[in-house]
Amino acid sequence: MANLKALLFDVDGTLANTERDGHRVAFNTAFKEAGLDWHWDEPLYGALLKVTGGKERVRHYLEKFNREFEKPDNLDQFIASLHQSKTRCYVELLEKGAIPLRNGVRRLLKEAENAGMRMAVVTTTTPENVAALLENSLGHGSEAPFEVIAAGDVVPAKKPAPDIYTWAMEQLNLKPEQCLAVEDSDNGLRSALSSGVRSVVVTVNGYTQGESFDNASLVVDQLGEQPGECSKLAGDFAPVSIIDLDLLKKLHGAVWE
Ligand code: XBP
Ligand code: MG
């Protein structure tokens, strides 16, 4: 049986519902600031979420949804500068307190920290976004419980590629059988599984609830702040009323036994 040594947390959609009311809104503000008439409404953004990474998502939008836009010669630079404005707008939203953590996240992070469990962030989003989310929701210095922040362009291939998980585990000097991932999307689940991490808890959200999570260890609607708040949607592991450290250890043991 493999002992659980670290929890690996995805950010967008997992720690907070940042996509619809955060990234999407920030993209639209950045488009307006740049004098573009582009607007990403909620359904369009849901379709665009299939591609991870903000810069990659803008490129995908131009290829699939806005082919008539006359691309500048320096397209890479154009997208990079648009994305920089988007990051600034997103951080401003977080500073206004626009996006709270999901139910139960604060509790589980505290419980894991108190128990001395090692933790890392494993995300495709930009590092500034992670720092701003943690700082504005948990307070100053709240990156501290995370030994590693694996984020953004540190690896070229974003989720669902395994690279960001592999990179994070290398930094922690741990093997996949020592880690459990918490994710919210099919792209994130596939990334974790293909890196060798087999115990993965998925907490679905509005954008991902229709996805199929066939190889997840456990799929729930939320972590839950109080016992009884969390409902199991799929997985052999039962019963589940809250996702706490004890349950994660048992789940991990069952996956690797
Ligand atoms: C989600 C993503 C990110 C964000 C936008 O990452 O795919 O691209 O949507 O952030 P995860 P950036 O679920 O792995 O946290 O614009 O900074 O890429
Ligand atoms: Mg996610």
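The following paragraphs take up the aromatic pairs and then the charges over ring faces.

This is a predicted model, in which local features need pLDDT of at least 70 and side-chain atom pairs count only at pLDDT 80 or more, while totals for chains, interfaces and linings use all residues. Residues are numbered from 1 along each chain as its sequence is written, chains are lettered from A and ligands numbered from 1 in the order in which they are written, and side-chain values use heavy atoms, with hydrogens and water left out.

The structure holds 13 aromatic pairs, a pair being two rings of Phe, Tyr or Trp (its six-membered ring) whose centres lie within 6.5 Å, with planes under 30 degrees apart counted as stacked, over 60 as edge-to-face and the rest as tilted. One of these is the tilted pair of Phe27 and Tyr45, at 6.3 Å centre to centre with 50 degrees between the planes. Because Phe27 belongs to helix 1 (residues 18-33) and Tyr45 to helix 2 (residues 42-48), this pair ties together parts that are 18 residues apart in sequence; helices here are DSSP runs (H or I, at least four residues), numbered from the N terminus. Phe27 is buried, at a relative accessible area of 2%, and Tyr45 is likewise buried, at 0%, where buried means under 20%, exposed over 50% and partly exposed in between (1.4 Å probe, protein chains only).

Phe69 and Phe78 form a stacked pair, at 5.9 Å centre to centre and 25 degrees between the planes, and Phe69 is partly exposed at 21%. Ring pairs link these residues into a cluster with others, including Phe27, Tyr45 and Trp38.

Lys86 lies over the face of Phe27, at 4.7 Å from the ring centre, and also over that of Tyr90, at 5.3 Å; a charge counts as sitting over a ring if NZ of Lys or CZ of Arg is within 6 Å of the ring centre and within 35 degrees of the ring normal.

How values were computed:
Helix = DSSP H or I, 4+ residues; strand = E, 2+ residues; numbered from the N terminus.
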